[in-house]
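Biologist: Please take a close look at one part of this model, the pocket. I would like one connected account.

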Amino acid sequence: MITDSSVSIAAPVRRVWDVFSDVERWPEWTASVTRLVALDGPELAVGNRFEIKQPRMPRLEWAVTEVAPGTSWTWVQRSPGGLTVARHEVEAVGPDRTLVRQQLDQRGPVGALVGRLMKRMTVRYLDLEAQGLKARSEGQCGLDGPVA
């Protein structure tokens, strides 16, 4: 079960990457994440784990499996009968414009079933993340007020 999301942001790719890859600050700018804690250090590095709490979801542990600094990262969440792979990409499409893509791939017998049952919520959360990232990167207000 694959769910894709993309958003065009009027900001340089470096600014967008800096906001997007500072994952512990996601709860400041997206309502789709209420808590995000680094378990092995705050940087996106292969092997580092992060605990994420989202509304209407249990706390889940995600492990980084791939990083291309300034461009993309992938993390995975494993559970009995399922594997969720989340890919995050930023691409410069001009000096002050960035395209952000997110893909959530829910695999395995349980993962695919959960993916189908939660499709509407998954799309909503990806949209909240895209719009929050856009607002934060473009210098608008985040959930916690104006962005410096």
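Modeller: The largest pocket has a volume of about 520 Å³. On a 1 Å grid over the protein atoms alone, a pocket is an open set of points where a 1.4 Å probe fits, with protein on both sides within 12 Å along at least five of seven lines. Its volume is the space filled by probe spheres set on the points, which are joined across faces, edges and corners.

This is a predicted model: local features need pLDDT of at least 70, side-chain atom pairs need 80 or more, and totals for chains, interfaces and linings use all residues. Residues are numbered from 1 along each chain as its sequence is written, and side-chain values use heavy atoms, without hydrogens or water.

The lining of the largest pocket counts 30 residues, each with an atom within 4 Å of a point. Gln 54, Met 57, Trp 62, Thr 84 and Leu 104 lie nearest the centre. Elements giving two or more lining residues are strands E4 (60-68), E5 (72-79), E6 (82-94) and E7 (97-107), plus helices H3 (108-117) and H4 (119-137). These are DSSP runs numbered from the N terminus: helices are H or I with at least four residues, strands E with at least two. E6 gives the largest share, six residues.

By type, the lining divides into 17 nonpolar, eleven polar and two charged residues. Nonpolar means Ala, Val, Leu, Ile, Met, Phe, Trp, Tyr, Cys and Pro; charged means Asp, Glu, Lys and Arg; the others, Gly among them, are polar.

H4 has 19 residues. Gly 139 follows H4, with a positive phi near 85°.

How values were computed
The expected span of a helix is 1.5 Å times one less than its number of residues.
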